[in-house]
Amino acid sequence: AFGMSSRTLRRRLSQLGTSYSELMDKVRFQLAINLIQSKNLSNEAIANELGYSDAANFCKAFKKYKR
């Protein structure tokens, strides 16, 4: 999608001081904030929307990220 190999993408992200997983965590956190503020969804629904396997994993990741 970016016109480069996954290895090149990882290398460029590393040069910027980040990684794919760190970017995904940031995006998921921001999406979670938006969903929490704009919709009356359960933790399970938000977890499902963001691709977590269950609400417990979502809550754990959310608490970890906001530290």
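Helices α3 and α4 are roughly perpendicular to each other, a label we give to angles of 65 to 115 degrees, with under 35 called roughly parallel, over 145 roughly antiparallel and the rest oblique. The angle is about 80°, and the axes lie 8 Å apart. Here α3 covers residues 43-50, and α4 covers residues 55-65. Helices are DSSP runs of H or I with at least four residues, numbered from the N terminus. The axes are lines fitted to C-alpha atoms over the stretch in contact, and angles run from 0 to 180 degrees between N-to-C directions.

Before I go on, a word on the model, friends: it is predicted, so local features need pLDDT of at least 70 and side-chain atom pairs pLDDT 80 or more, while totals for chains, interfaces and linings use all residues. Residues are numbered from 1 along each chain as its sequence is written, and side-chain values use heavy atoms, leaving out hydrogens and water.

On the α3 side, N43, E44, I46, A47 and L50 make the contact, and on the α4 side A55, F58 and C59 do; contact means heavy atoms within 4.5 Å. These residues divide into 6 nonpolar, 1 polar and 1 charged. In this scheme Ala, Val, Leu, Ile, Met, Phe, Trp, Tyr, Cys and Pro are nonpolar, Asp, Glu, Lys and Arg are charged, and the others, Gly among them, are polar.

Now turn to α2, residues 20-38, which packs on α4 at about 105° with the axes 10 Å apart. That pair is roughly perpendicular too. From α2 come D25, K26, F29, A32, I33 and I36, and they meet F58, F62 and Y65 of α4.

Because F58 and F62 are 4 residues apart in α4, about one helical turn separates them. Both F58 and F62 are buried, meaning under 20% relative accessible area, with exposed over 50% and partly exposed in between, using a 1.4 Å probe and protein chains only. Ring pairs also link F29, Y52, F58, F62 and Y65 into a cluster.

How values were computed: Helix = DSSP H or I, 4+ residues; strand = E, 2+ residues; numbered from the N terminus. Phe/Tyr/Trp six-rings, centres within 6.5 Å; stacked < 30°, edge-to-face > 60°.
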